[in-house]
Amino acid sequence: MGTMWCVRCQIEEVAAKRHEAGYITCLRCGEADARRVKHTIVPMHKSSYVVVSDKNLLLCLNKVAR
């Protein structure tokens, strides 16, 4: 297998173990992507926890809970 380059920056090489794990970005670009995504975990009444990444969904869930 040849050298795998980061699909975002095209500058840094993606480590072989990282590529085997399914990542296509270098550590620096992957870290930047991870910091852009915001999420929270919400406990639902008489149910389990729900991962919410959309602010509008969270606001709707708050209206239902009241």
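The legends below describe close-up views of a predicted model. In this predicted model, local features need pLDDT of at least 70 and side-chain atom pairs count only at pLDDT 80 or more, while totals for chains, interfaces and linings use all residues. Residues are numbered from 1 along each chain as its sequence is written, and side-chain values use heavy atoms, with hydrogens and water left out.

**View A. The salt bridge between R8 and D33.** A salt bridge is a side-chain nitrogen of Lys or Arg within 4 Å of a carboxyl oxygen of Asp or Glu. The whole structure contains 4 salt bridges. In the one shown here, the side chains of R8 and D33 meet with an N to O distance of 2.1 Å. R8 lies in the segment before α1 (16-20) and D33 in helix α2 (residues 27-36), so the pair ties together parts that are 25 residues apart in sequence. Helices (H or I, at least four residues) and strands (E, at least two) are DSSP runs, numbered from the N terminus. R8 counts as partly exposed at 43% relative accessibility, and D33 is also partly exposed, at 27%. The classes are buried for under 20% relative accessible area, exposed for over 50%, and partly exposed in between (1.4 Å probe, protein chains only).

View B. R36 and D33 form a salt bridge at 2.4 Å, N to O. R36 is exposed, with 53% relative accessibility. Through shared partners, salt bridges join R8, D33 and R36 into one network. E31 forms a salt bridge with R35, where the closest N and O atoms are 2.9 Å apart. E31 is partly exposed at 40%, whereas R35 is exposed at 60%.

View C. T25 counts as buried, because its relative accessibility is 10%. Leaving aside residues up to four places away in sequence, T25 touches C6, V7, R8, V14, R18, G30 and D33. Contact means heavy atoms within 4.5 Å. Both R8 and D33, which meet in a salt bridge, are among the residues touched by T25.

**View D. R18 over the ring of Y23.** R18 lies over the face of Y23, at 4.3 Å from the ring centre. A charge sits over a ring if NZ of Lys or CZ of Arg is within 6 Å of the ring centre and within 35 degrees of the ring normal. R18 is also one of the residues in contact with T25. The structure holds 0 aromatic pairs. For such a pair, ring centres of Phe, Tyr and Trp (its six-membered ring) must lie within 6.5 Å; planes under 30 degrees apart count as stacked, over 60 as edge-to-face and the rest as tilted.

**View E. Backbone at Q10.** Q10 is found in the segment before α1. Its phi is near 60 degrees, a positive value in a residue other than glycine. Most residues other than glycine have a negative phi. Q10 is exposed, at 54% relative accessibility.

**View F. A nonpolar surface patch formed by I41, Y49 and V51.** Together, I41, Y49 and V51 have about 360 Å² of accessible area. Accessible areas come from the Shrake-Rupley method with a 1.4 Å probe; for residues, only the protein chains shown count as cover. Patches are made of residues with over 30% relative accessible area and no salt bridge: like charges are joined within 9 Å, nonpolar side chains (Val, Leu, Ile, Met, Phe, Trp, Tyr) within 5 Å. V51 lies in strand β2 (residues 49-52) and is exposed, with a relative accessible area of 55%. From I41 to L59 the C-alpha to C-alpha distance is 13 Å, with a sequence separation of 18 residues. L59 is found in helix α3 (residues 55-65) and counts as partly exposed at 41%.

**View G. S48 in the loop between β1 (40-43) and β2.** S48 is partly exposed, with 45% relative accessibility. S48 touches V42 and P43, when residues up to four places away in sequence are not counted. S48 and I11 are 37 residues apart in sequence, and their C-alpha atoms are 43 Å apart in space.
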